[in-house]
Amino acid sequence: MRGYLARKTLVYGLTFVVAVTLNWLIPRLMPGDPVQRMVARAAVQHPETIASMTQYYERMFGLDLPIWQQYLNYWGSLFRGDLGTSVWLFPAPVSQVVLDAVPYTLGIMIPAILLSWVVGNSVGAMAARSRWLDNVALPVGYLVTAMPYMWLAILLAWGFGVALGWFPVAGGYDFGLVPQWSWSFAWDLLQHWVLPFLSLFLVALGGWAIGMRNLIIYELESDYANYLAALGAPKRLIRQYAFRNAMLPQITGLALQLGTILGGALVTEIVFAYPGLGKLVLSAIQNQDFFLLQGTLLFVVIGVLLANFIIDIVYVLVDPRTRTGLTGATA
Amino acid sequence: MALSVTDLRVYYRTRRGDVKALDGVTFEVADGEIMGIAGESGCGKTTLGKALIRLDTRMKHVGGTVVLDDDELPLSDDNAMNRHRYREVSLIPQYAMSAMNPTRKIGRMIRDLLSAHSVRYAEVLPELERRLKLVGLETDVLGRYPIELSGGMKQRVVLVLSTLLNPSLLIGDEVTSALDVSSQKAVARALVEFRDHGFVKSMIVITHDISVLFQVADTILVMYAGHLAEKAPARTIISEPLHPYTKMLIGALPKVGDRYEEQQLEGIEGRPPSLLEPPAGCRFRDRCPLAHDKCAEAPPFREVAEGHHVACWAVS
C-alpha cells in the first residue's frame with residue numbers, strides 16, 4: 001500500500017508539473033496582447049504616455065523579463081499563493097477573484113454529481129428487478145440523457161423561470177442584493193441555485209440509472225450469482241453481491257464526472273449567468289486576461305487531480321483485484 | 001433409497017418450441033452411491049444435474065417427480081426449493097473457477113451463505129478448517145480473495161464449501177473438466193474421500209470424460225438425446241456394455257496397448273436427433289447397427305441383470 005501510494009503521488013506530482021506548465025504556456029500562445037488592451041481602455045492618445053503606460057504594465061505583470069524568467073517567476077509566486085493580478089478586473093488579485101467564484105461552482109456541481117449518482121444508481125438497481133419500473137425508468141432515462149444539455153437547460157429556464165415564474169432565471173443572487181450573512185440572502189441564493197442544479201442533476205441521472213441497471217442485470221447472470229442461487233442463498237444476498245460488484249465501474253464513472261466539474265459547469269453557468277468558475281473562464285478569454293485564465297484553470301487542474309487521487313485510493317479499498325495488480329499478485 | 005427420480009421431464013422453452021432435453025427419465029441412486037452420468041454434449045446430462053437443484057429461467061419442469069430421502073423436491077417452486085438446497089442437495093458447478101464473488105473474501109462469503117441458512121459461522125468454522133486441511137489447503141484461504149487462488153485451489157474450496165452442511169446428494173457437473181490431469185486426480189480422490197467420510201451421502205458426477213468416471217463412480221448412467229440408455233456398475237459399463245450406444249461410446253475411447261498406426265480409432269457415424277421435434281421410439285435408431293422395426297416404439301429402461309438397466313429392444 002505504501003509503495004502504491006508513493007508511486008501514485010509521484011505520477012500525480014508529475015502530472016501537476018506538466019499541467020501547470022501548459023497552463024502557463026497556453027495563454028501566451030493566444031492571439032492578442034492584454035497590455036495593449038489595458039492601455040487602449042485608458043483611451044489616451046499621446047504616444048509617449050502610451051509607451052510609458054505599456055512599460056509600466058509590462059513591468060508590473062513581469063512581461064518585460066525573458067521568457068524562462070517569467071516561467072520561473074510563475075512557479076515562485078505559485079508557491080506563495082500569488083496568482084498575479086487580473087487584467088480584466090484590475091487591480092483585483094486573481095486568487096481573490098477565483099476564490100470568490102469557486103463556492104458557486106462547487107455549490108452546484110458537487111450536489112448535482114453526487115446526488116445524481118446516488119439517486120441514479122438506486123433507481124437503476126431497482127429497475128433491474130422490477131419490470132414495471134424498468135419499463136418506465138429506462139425510456140425516461142434515455143430521453144433525459146439523450147437531450148442536448150444546452151437545450152434542456154434553456155427549456156428549464158424558460159419553463160420554470162419565465163413561464164411559471166417559480167425561480168429566477170439568471171445570476172447567483174438577486175442583482176439588487178449585496179452578499180451578506182442573512183436569511184433573506186441565503187434564501188435568495190437557494191432560489192437562484194435550484195435551476196442550474198436541477199439541469200445538471202437531470203442530465204446525469206438518466207445515464208447513471210441506465211448504466212447501473214445494465215450492470216446489475218449482467219452481474220445477476222454471472223457465475224457467482226448462479227452458484228449462490230443454487231446453494232439456496234436468498235435473493236437479497238445475491239442482489240447485495242451483484243450491487244457491490246456493479247458499483248465498481250460506477251465509482252470509476254463518478255471519478256471521471258468529478259473531473260469534469262468545470263466542463264459541465266461552463267455551459268450551465270453561461271445559460272443561467274451563474275457566477276462560477278466556468279463563467280470566469282469565459283470572461284477571462286473574452287477579455288484576454290492571461291492571469292485570470294491561468295488562475296482559474298489551475299484550480300480546475302488541482303480539482304481534477306485531487307478527485308482522481310481520492311478515487312484511486314477508494315478503488316483500492318473496494319476492489320481487491322486492483323490491489324494485487326498494483327502490488328504484485330500473491331498467487 | 002437416497003434419490004429416486006421418476007419419469008422426469010424438463011423442457012427448454014424457445015421461440016421455435018420446446019426442446020425436450022430431458023424426456024422421461026427414471027432412475028435411483030442408493031445411499032453412498034457415486035453415480036456418474038456420461039454422454040455426448042446435448043444428451044441432457046447437465047439439464048438433469050440442474051433440474052435436481054435449480055432450474056434456470058428457460059427451463060420448465062413438465063412432469064415427473066424427484067424424491068430425496070422420502071421428501072419430494074418442489075422442483076418448479078424456486079422459493080420452496082431454497083429450503084432443500086445446500087442442506088439436502090448441493091452442487092459443484094461447471095464454472096467452479098468463477099463461482100465465488102471476486103470482491104468478497106472467501107471466509108466472508110461462506111459466512112454470508114451460512115447465515116442465510118441460519119447456521120452460525122463460528123460453530124461450523126472448526127469443521128470447515130478441518131475439511132480444508134483434508135483437501136490440502138491452508139486455513140488462511142478463508143482470509144483471501146478468490147483471485148489469489150489457483151484454479152485447482154478454487155475447485156477444492158468450492159468442493160469444501162458445497163458439502164459443508166453434509167448434503168444428502170451432491171451434484172458435480174464437469175468437476176474435473178477444466179483441470180490438468182494431476183489436479184483432476186486430486187479432485188477425483190477428494191470426491192471419493194468425502195463420500196467415505198460421510199460428508200456427502202450420495203453423488204451424481206456429470207462428465208463427458210468416461211475415464212474420470214471410471215476412477216470415481218460406482219455406477220455409470222449413459223444418456224442419449226434426453227433418454228437413458230444404460231445404467232450399470234462402472235466396471236460392467238466399461239467391460240461388458242450391452243446398449244449399442246454404450247458399446248460404440250466405449251469403443252471410441254483410445255486404449256492402452258492399441259497401436260493406432262495400424263488401426264483407425266472408431267467414431268460413431270451420424271448425429272443425435274434434434275430435441276425440438278425428436279422422433280418417436282428409440283432415439284438412437286438412426287445411428288444404430290442393430291435397429292429393426294420394433295425400435296419405432298420406445299424401449300423400456302429394464303433391469304436385465306442385478307443393478308444393470310438397459311433401454312434397448314435388441315438386448316432385452
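Me: Axes here are lines fitted to C-alpha atoms, for helices over the stretch in contact, and angles run from 0 to 180 degrees between N-to-C directions. With that settled, at what angle do α5 and α6 of chain A pack?
Reply: First, this is a predicted model: local features need pLDDT of at least 70, side-chain atom pairs count only at pLDDT 80 or more, and totals for chains, interfaces and linings use all residues. Residues are numbered from 1 along each chain as its sequence is written, while chains are lettered from A and ligands numbered from 1 in the order in which they are written. Helices (H or I, at least four residues) and strands (E, at least two) are DSSP runs, numbered from the N terminus. The axes of α5(A) (residues 94-127) and α6(A) (residues 131-146) are 8 Å apart, and the packing angle is about 135°.

Me: Which word describes how α5(A) sits relative to α6(A)?
Reply: Angles under 35 degrees count as roughly parallel, over 145 as roughly antiparallel, 65 to 115 as roughly perpendicular, and the rest as oblique. At about 135°, α5(A) is therefore oblique.

Me: Which residues of α6(A) make that contact?
Reply: Two residues are in contact if their C-beta atoms, placed from the backbone, lie within 7 Å. For classes, Ala, Val, Leu, Ile, Met, Phe, Trp, Tyr, Cys and Pro count as nonpolar, Asp, Glu, Lys and Arg as charged, and the others, Gly among them, as polar. The contact residues divide into 6 nonpolar, no polar and 1 charged. On the α5(A) side they are Val123(A), Met126(A) and Ala127(A), and on the α6(A) side Leu133(A), Asp134(A), Ala137(A) and Leu138(A).

Me: Which element gives the most to the side of domain 1 of chain A that touches domain 2?
Reply: Going by an automatic or database domain assignment, chain A splits into domain 1 (2-79) and domain 2 (94-327). Here 14 residues of domain 1 of chain A touch 14 residues of domain 2 of chain A. The elements giving two or more residues on the domain 1 side are α1 (2-29) and α2 (34-42) of chain A. With 11 residues, the top giver is α1(A).

Me: And on the side of chain A that touches chain B, where does the largest share come from?
Reply: 21 residues of chain A are in contact with 25 residues of chain B. By class, the chain A side has 12 nonpolar, 5 polar and 4 charged residues. Its elements with two or more residues are α9 (223-230), α10 (235-259) and α14 (320-327) of chain A. The largest share, 7 residues, comes from α9(A).

Me: Over to chain B: how many of the residues of strand β9 are buried?
Reply: Buried means 20 or more other C-beta atoms within 10 Å of a residue's own, exposed means 12 or fewer, and partly exposed is in between, with C-beta atoms placed from the backbone. Thr219(B), Leu221(B) and Met223(B) are buried on one side of β9(B), and Ile220(B), Val222(B) and Tyr224(B) on the other. The strand is largely enclosed by the rest of the structure because the buried count is 6 of the 6.

Me: How many bridges join β9(B) to β10(B)?
Reply: Two strands pair if DSSP finds at least two bridges between them. β3(B) (residues 34-38) pairs with β9(B) in the parallel sense over 4 bridges, with Ile37(B) opposite Leu221(B). Met223(B) has Leu228(B) in β10(B) as its bridge partner. β9(B) and β10(B) (residues 227-233) run antiparallel, and the bridges joining them number 6.
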